[in-house]
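Subject: Structure handover and notes

Dear colleague,

Please find below the structure that I said I would pass on, followed by my notes on it. I would be glad if you read the two side by side.

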Amino acid sequence: MADLYVKSFDMINPFVVASSPATQGAKNVLKSAAMRPGAIVMRNFGHGSGGGSYIGPDSKAMYSGQMSIHSHAVGRQIPDSVSTLEQYCEEVQKAKRELDSDIKLWVSVGHYSDIVKGGNWEKEWARQAKELQLAGADAIELHFNTPGVAVAKDRTFAYHQLLRHSIELMKRTVPDMPIMAKLAMESCDVLTSMRIAEAAGAAAAGPTARWKGFYFDLDWRTTQARPGAGYGGTQATPLVCYAIAEARNNGIKLPLYGGGGVFSFDQAARMIMAGSQAVQFGALACSGGTQACKKVISDLSKWMDKNGYKDMDGLCGDALKLFNMDKDFTLERQNKLADAYEAAQVSDKCIGCGRCVDVCWQEGIEMKGKVAAKTDMCIGCGYCFQVCPTGALHVEKEKILSSVFEEHGINRGSEQ
């Protein structure tokens with residue numbers, strides 16, 4: 001059975017339940033603990049509780065790991081029952097007493113709205129850090145990914161300057177406490193953010209993809225109650241993966257826990273293979289529940305077993321071999337696939353729909369009566385193969401593309 005233990009975080013597996021309604025107060029932290037994650041981030045007090053999120057196109061897509069979006073949306077919002085730091089620390093203590101000892105409890109501190117409001121927010125954040133350390137928290141997470149936090153820099157503060165200042169403030173205040181920096185990807189250079197977090201002494205960084213978004217139905221009157229902010233989903237995962245891979249390519253060694261669109265094990269695996277040691281559950285935790293998250297953890301373990309990945313060290317960063325292909329190697333793979341596209345002929349599965357001709361821009365395919373046929377003008381671009389509904393145009397694309405790696409002796413981590 002695959003070993004999911006993550007050395008750099010000392011966690012039983014790479015899953016972190018992100019600050020959300022699913023982690024508000026000890027009661028919800030302990031409920032979320034049923035999924036047996038590596039860590040749980042207790043939500044900052046003062047956010048309010050209740051209400052819900054919109055999952056599109058529907059919950060079936062989310063539960064089955066298909067493409068899904070997530071946005072703030074519906075339901076009654078009620079005040080947080082925890083209104084003071086003393087009460088919040090009591091919640092932390094309760095969670096620590098009852099939480100399985102091998103699950104880490106992180107606590108979320110800081111919110112850009114504190115700075116927008118003004119006042120001595122630095123003194124308040126330092127006070128929270130000291131008290132939360134005494135309450136038994138395992139780490140402090142600075143919450144800098146809230147939708148709008150980065151774009152607010154144009155009106156209120158310089159994001160990167162604030163990030164460094166706040167991490168250094170926490171390090172001076174609680175020098176023995178791990179400081180996790182949850183980072184925005186919206187309207188800022190996330191590579192610079194990760195560099196700053198590393199230089200400032202953060203223990204880890206969590207680049208997380210959530211944007212201000214305006215999602216609405218064509219009959220806009222039927223749209224959910226809160227159509228703006230908090231937009232994310234599976235479409236964000238490749239963006240997070242790129243940010244993580246870019247960080248690794250630029251020498252950033254800081255442990256990472258990326259987040260954005262982790263609704264299934266394969267999205268989690270992609271982030272880890274891009275170079276993130278851990279991943280965050282946010283939307284899935286609060287909108288899908290503990291069973292959905294538990295399934296993702298189990299599915300990742302099963303997939304690793306099936307594909308020969310023995311532990312997280314073998315999985316983490318494995319796809320950087322793909323990301324780091326040089327120009328000649330990329331061209332070799334591209335041309336090998338193009339040659340196959342060009343050589344392949346239309347099979348008897350053709351139904352004469354004409355889609356292939358419609359998307360050909362080189363006169364490389366034509367209709368001969370009721371069936372399509374290749375011409376000498378075909379360059380092997382592949383457009384027609386992508387739109388063929390029956391497989392009349394088909395090549396073994398995956399085998400062709402992977403064969404170039406095999407010819408050069410470049411294998412997956414599980415095959416080393």
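Is Arg-221 buried or exposed? Arg-221 counts as exposed, at 65% relative accessibility, where buried means under 20% relative accessible area, exposed means over 50%, and partly exposed covers the range in between, with a 1.4 Å probe and protein chains only.

Before going further, please keep in mind that this is a predicted model, in which local features need pLDDT of at least 70 and side-chain atom pairs count only at pLDDT 80 or more, while totals for chains, interfaces and linings use all residues. Residues are numbered from 1 along each chain as its sequence is written, and side-chain values use heavy atoms, with hydrogens and water left out.

Salt bridges

Arg-221 is also a partner in a salt bridge with Asp-219, at 3.0 Å from N to O, a salt bridge being a side-chain nitrogen of Lys or Arg within 4 Å of a carboxyl oxygen of Asp or Glu. Asp-219 itself is partly exposed, with a relative accessibility of 33%. The structure holds 15 salt bridges, and another of them joins Lys-321 to Asp-318, with 2.7 Å between the closest N and O atoms. In that pair Lys-321 is partly exposed at 33% relative accessibility, whereas Asp-318 is buried at 8%.

A further salt bridge is formed by Arg-36 and Asp-100, whose closest N and O atoms are 3.0 Å apart. This pair links distant parts of the chain, 64 residues apart, since Arg-36 sits in the loop between helix H1 (25–32) and strand E2 (39–42) and Asp-100 in the loop between helix H3 (85–98) and strand E7 (104–109); helices (H or I, at least four residues) and strands (E, at least two) are DSSP runs, numbered from the N terminus. Both partners are partly exposed, Arg-36 with a relative accessible area of 32% and Asp-100 with 39% relative accessibility. Arg-36 and Asp-100 also belong, together with Asp-102, to a network of salt bridges.

Backbone features

Where does a cis peptide bond occur? Such a bond joins Gly-56 and Pro-57, with omega at about 0°, and Pro-57 is found in the loop between E4 and helix H2 (59–63). Strand E4 (residues 53–56) also contains Ile-55, which is buried at 11% relative accessibility. Not counting residues up to four places away in sequence, Ile-55 touches Met-62, Ile-69, His-70 and Ser-287, contact meaning heavy atoms within 4.5 Å. The C-alpha atoms of Ile-55 and Gly-233 are separated by 8.7 Å, although these residues are 178 residues apart along the chain.

Aromatic pairs

The count of aromatic pairs comes to 15, where rings of Phe, Tyr and Trp (its six-membered ring) pair if their centres lie within 6.5 Å, and planes under 30 degrees apart count as stacked, over 60 as edge-to-face and the rest as tilted. One of them is the tilted pair of Tyr-341 and Phe-385, at 4.5 Å centre to centre and with 40° between the planes. Tyr-341 lies in helix H14 (residues 327–343) and Phe-385 in helix H16 (residues 383–387), so this pair ties together parts that are 44 residues apart in sequence. Tyr-341 and Phe-385 are both buried. Elsewhere, Trp-121, Trp-125, Phe-144 and Tyr-159 form one aromatic cluster.

Packing of H5 and H6

Helix H5 (residues 121–135) packs with helix H6 (residues 159–173) at an angle of about 45°, their axes being 9 Å apart; the axes are lines fitted to C-alpha atoms, for helices over the stretch in contact, and angles run from 0 to 180 degrees between N-to-C directions. That angle makes H5 oblique to H6, because angles under 35 degrees count as roughly parallel, over 145 as roughly antiparallel, 65 to 115 as roughly perpendicular and the rest as oblique. Among the residues that meet across the two helices are Trp-121, Trp-125 and Ala-129 in H5, and Leu-162, His-165 and Leu-169 in H6.
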